[in-house]
Structures are given as structure tokens and as C-alpha cells.
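Keep the structure open beside you as you read.

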Amino acid sequence: MLNMSPWPWYITGPIISVVMMALLLLGRRFGLSSNLKTMCTIAGAAKLSDYFRFDWKAQSWNLVFVLGTVGGGAIARFILLAPGPVNLNPDTVKVLQSMNIGDADSAFAPAVLFGPEAWSNPLAVLVLVLGGVLVGFGTRWANGCTSGHAISGLSALQWPSLIAVVGFFIGGLAVSHFVLPILLPAL
Amino acid sequence: MFRVLLLGLLFGITLTMGEVISWFRIQEMFLFDSFHMYGVIGGAIAFGVLFNLAARRFGWHAETGKPLDIHQYEIGWKRYLFGGTVFGMGWAITGACPGPLFITLGAGYWPIALAILGALGGTLLYGILQKHLPH
């Protein structure tokens, strides 16, 4: 509606650290993946593992944060951001189009995975679910995700976070260079 | 709590306006084709480092009077390297880390709900298998 241009990295990056700083000053902590554990606990996962036996109410503020992020996504997409493609490197567009992602130069997200047609494509459903499983399993194993390790942890110069971020890239590069070229054309 | 909600709102708006929730931007990042995502993450870390140094130097506290809740990760490497690698695989497939998982839902790309369900399942699976994994 307001047709705003996307924000460059030098606006986006600093605002993310403002969010992290503000949470710390409020006595909270910036970390998104722990919400997945909280949600499992609320759903009764403590019956299956003691890992989920903790005082989830002390973490409920973080669910409020998540609720805010959902609202923020809606406000940005439907009110602020001009509709249109992402301004990708043409090399990326070429690589993705060679893997049958034809809308890499015309969409914000690939329709084959995020459009309505994804629901009726069994392989797309499987890819999204399994991708999600890896995200949930991996972030709990590593005890953090991009917000906890890459941003909060590296900001505090913590070695474990550097190791985790190296892991993020080992896994991401392996999939992007060796798995997606096989997987995406099959969608 | 209202301020936490507003910060969530700001975070969701920022990651959408910065195109961080776009699956395409994550592919571009892993193909090393653009500085954008490295600038976003690196910029956030750079300001974060300054904040942490200043907080230590000037003894900043949370408004509750307690020290800032900066998580001290246990020393080790296995869980970080192995867990991080598994997460990185999921990040490249779904184009979403746990923040964008939910922001993408708000932005109306409903099939991401499948990845959220998967992530909850993966979290459950970790909780069950935790004792058998190297940490």
C-alpha cells in the first residue's frame, strides 16, 4: 500500500542489533529457536522427555515476541513493502532457473514451495516438513539459531557460537550446492 | 510485555523489509552471490559487539537491576558443530531460520506452516533422542 522499497543491509542489520540490545536491557534475551521448545512443552511434550520439563511460563514473554514478529511480517508485506521481485544477483536467478525455479526474477518467494500450489504437491509438502524438522532438531542440538548464536553469541565473542555458525554454513553450503540441484527440479 | 510485543513487531517488519525472509535471498547467500545477507548479519554483529563492550565497560544493567542476561554457552564443540550443520541444512531448504519461520507466516505465505510443524516435530525428536547424541 505504501509501496516502500526494501531496506538495504545497513538499515536492516543495525535494527536487528537494536532489537537484541533492547531485549537485554528489558532483562530478556534475543533467541527465537527456544520458542519451539516452549511450544512443545505447552503441547505436553514433557510426557515424552524430561528435556521439556521446565517452567515454560518464565519463557512466555518470548512467545509474545513471536506473536509480534508475525504481526510485523503482515504489516510489512501488506502495508509497507512494494510488491515485486527480490533484486537478486542475475547469476543466482540463472542458477535457480536452471533448477526449475522459474519465478526467481519475478517473485518474493518461489511459488512451487510457498504459493497455493505447494499444498497439492506431495514432494513440496515433504520438502517443507523435512526442512523444518532439520531446523528444529539442529537448533535444539546446537542450543541456538541465527539470533542466539550468530547475532547474540558472536556479539558477545563466544567461541561456541562461532563453531555453531561454521556448522550453519557447512550444512547450508552442502545442501545448496549438492542437494537442491537434485531436489528442486523434481518439485 | 507490551514493549516486548513492539520489539517483535519491529523485528518482523525489519526482516521482511530487509528481504531476510525471502527464500531467494538465502539461496543467494549460500551461493556467495551477494553481500546483502552478510551485510545484514555482519552489521547486526558489529553493532552488537560495540554494545557488549560498552555494557561491560560502563556496567550497564537490565532495567530490573539484574546483569544483562547474556547467555554463556558451555564449552565444547560437538553439539555446536553437528547441531549447527543440521540446522544449516534446514535453513538452505526452507530458506527460513526460526525467526523468519514465523514472520513468513505473518507475511501470508501459508505453506511455511508445514515447515513450522516440521520444526516442532524436529524439536520433539531432539528432546527424545538428546541422551543418545554427542554434545
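The lining of the largest cavity divides into 14 nonpolar residues, three polar and no charged; here Ala, Val, Leu, Ile, Met, Phe, Trp, Tyr, Cys and Pro count as nonpolar, Asp, Glu, Lys and Arg as charged, and the others, Gly among them, as polar. This is a predicted model, in which local features need pLDDT of at least 70 and side-chain atom pairs count only at pLDDT 80 or more, while totals for chains, interfaces and linings use all residues. Residues are numbered from 1 along each chain as its sequence is written, chains are lettered from A and ligands numbered from 1 in the order in which they are written, and side-chain values use heavy atoms, with hydrogens and water left out.

About 140 Å³ of space lies in this largest cavity. On a 1 Å grid over the protein atoms alone, a cavity is a set of points where a 1.4 Å probe fits but cannot get out, and a pocket is an open set with protein on both sides within 12 Å along at least five of seven lines; lining residues have an atom within 4 Å of a point. Grid points are joined across faces, edges and corners, and a volume is the space filled by probe spheres set on the points. Of the 17 residues lining the largest cavity, Thr146(A), Ile151(A), Leu15(B), Val20(B) and Cys97(B) are the closest to its centre. Domain 1 (1-83) and domain 2 (88-187) of chain A both give residues to this lining, so the largest cavity lies between them; the domain bounds come from an automatic or database domain assignment.

A second cavity, of about 50 Å³, has a lining that includes Phe108(A), Phe114(A), Trp23(B) and Tyr109(B). Its lining residues divide into eight nonpolar, three polar and no charged.

Now turn to the open spaces. The largest pocket holds about 600 Å³, and among its 33 lining residues the closest to the centre are Arg29(A), Ser34(A), Gln59(A), Asn143(A) and His71(B). This lining has twelve nonpolar, 15 polar and six charged residues. Domain 1 and domain 2 of chain A each contribute at least three residues to it.

How far apart do the C-alpha centres of those two domains lie? They are 19 Å apart, and the contact (heavy atoms within 4.5 Å) takes eleven residues from domain 1 of chain A and eleven from domain 2 of chain A.
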